[in-house]
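Please look at the sequence and the predicted model shown here. The paragraphs after it go through strand pairing and then the disulfides.

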Amino acid sequence: MAQVKLQGPCKAPLELQVQATLKANADPKQLSADIEWLTVNYIDRFTLSGGGIFDGQGKATGLKIIARIPKVVAIFPTKLFHVNVNGCKNLTFIRVNITAPPESINTDGIHVARSSNVNITDCVIGTGDDCISIGDELEQLHITRVTCGPGHGISVGSLGKTPGEKPVVGVYVKNCTFINTDNGVRVKTWPASHQGVVTDLHYEDIIVQNVTNPIVIDQVYCPYNQCNKDLPSQVKISKVSIKNVRGTSRTQDAVLLLCSKGVPCEGVEIGDIDIAYNGKEGPAKSRCENVKPTFVGKQNPPVCAGAQSA
């Protein structure tokens with residue numbers, strides 16, 4: 001299948017049914033680097049359905065990238081992100097399976113930015129990067145009954161690297177499972193960053209199985225030392241609730257709340273955490289910086305010891 005663009009505007013509802021396996025060109029050199037494999041632009045009331053398979057043919061470079069699409073409206077690149085949602089409203093993913101090997105770099109399952117009212121439900125996503133990644137200018141994202149693994153978890157960010165980023169408001173992650181992932185739920189911002197806002201994040205009924213860092217707020221995110229860690233992040237994080245997270249951690253660091261010393265986190269509520277670590281180093285633990293959460297219910301491990309409970 002060659003690179004295809006479906007572009008409106010269109011005046012009536014459209015449905016594209018895929019009931020076969022569509023394969024990208026096995027030679028990456030035959031694909032234009034600045035165009036997605038399948039792009040859907042400027043179309044309202046569009047449905048992609050049919051239970052077909054989009055095979056990115058990554059095996060030519062040692063990768064295997066497949067997206068199975070029972071019902072979805074989206075954009076499908078063959079390189080890096082599997083699905084890139086940009087500038088969309090009222091978008092729903094139902095029963096989408098995305099598969100890539102854990103060693104495949106930057107193969108985010110679904111990336112969502114500059115969009116509103118997006119729902120991701122009953123999906124199975126395993127990649128070499130974030131299962132779901134969340135960029136700026138996002139309002140109301142609901143992620144429900146998603147199984148993630150392998151991958152880097154469900155991540156807000158990274159944010160703050162580019163001037164003029166607009167707020168992330170309203171992310172709801174519920175009844176999700178993380179299996180053998182690097183992270184579970186994560187928010188990441190750059191130090192020495194531009195100003196930004198992340199608010200109204202809610203995580204509830206989460207299962208983690210052998211996850212390296214099950215709960216992470218990381219405002220000193222600096223891969224490959226590409227930043228100045230001595231200067232704080234200017235991305236303000238507020239109104240965060242994390243409730244009923246259970247399972248096992250691959251490391252002692254079950255809970256990391258590393259907020260910015262420049263704009264500390266506010267309105268963080270932690271409730272009913274039960275994460276075990278059985279390694280020889282000792283029990284699971286938490287680490288907190290520049291945050292004073294309130295607590296409800298059980299905390300295992302004790303989160304931000306010394307902070308006031310609700």
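Ile 132 has Ile 154 as its bridge partner in strand E16. The two strands concerned, E13 (residues 132-134) and E16 (residues 154-159), run parallel to each other and are paired over three bridges. Both belong to an open sheet of eight strands, in the order E7-E10-E13-E16-E18-E20-E22-E24, with parallel pairing. At its edges lie strand E7 (83-86) and strand E24 (285-289), each of which pairs on one side only. From one strand to the next, the twist averages 15 degrees.

The disulfides come next. A disulfide is a covalent bond between the sulfur atoms of two cysteines. With a cut-off of 2.5 Å between the sulfur atoms, the count comes to four disulfides. When the bonded cysteines are counted along the protein chain, the pattern is 1-2, 3-4, 5-6, 7-8.

One of the disulfides joins Cys 131 to Cys 148, with an S to S distance of 2.0 Å. The link is right-handed, because the torsion about the S-S bond is about 80 degrees. This pair connects distant parts of the chain, 17 residues apart: Cys 131 is in the loop between strand E12 (124-126) and E13, and Cys 148 is in strand E15 (residues 147-148). Both Cys 131 and Cys 148 are buried.

Another disulfide is formed by Cys 222 and Cys 227, whose sulfur atoms are 2.0 Å apart. Are these two cysteines buried or partly exposed? Buried means under 20% relative accessible area. Cys 222 has 10% relative accessibility and so counts as buried, whereas Cys 227, with a relative accessible area of 24%, is partly exposed.

The edge strand E24 also carries a cysteine of a disulfide: Cys 288 is joined to Cys 304, S to S 1.9 Å. The torsion about this S-S bond is -80 degrees, and the link is left-handed. Here too the pair links distant parts of the chain, with Cys 288 in strand E24 and Cys 304 in the segment after strand E25 (294-300), 16 residues apart. Cys 288 is partly exposed, as its relative accessible area is 24%; Cys 304 is buried, with a relative accessible area of 8%.

Key:
Residues numbered from 1 in each chain as written. Predicted model: local features only at pLDDT ≥ 70, side-chain atom pairs only at ≥ 80, totals over all residues. Heavy atoms only, no water. Pairing = 2+ DSSP bridges. Helix = DSSP H or I, 4+ residues; strand = E, 2+ residues; numbered from the N terminus. Axes fitted to C-alpha atoms, helices over the stretch in contact; angles between N-to-C directions. Buried < 20%, exposed > 50% of the residue type's maximum accessible area, 1.4 Å probe, protein only.
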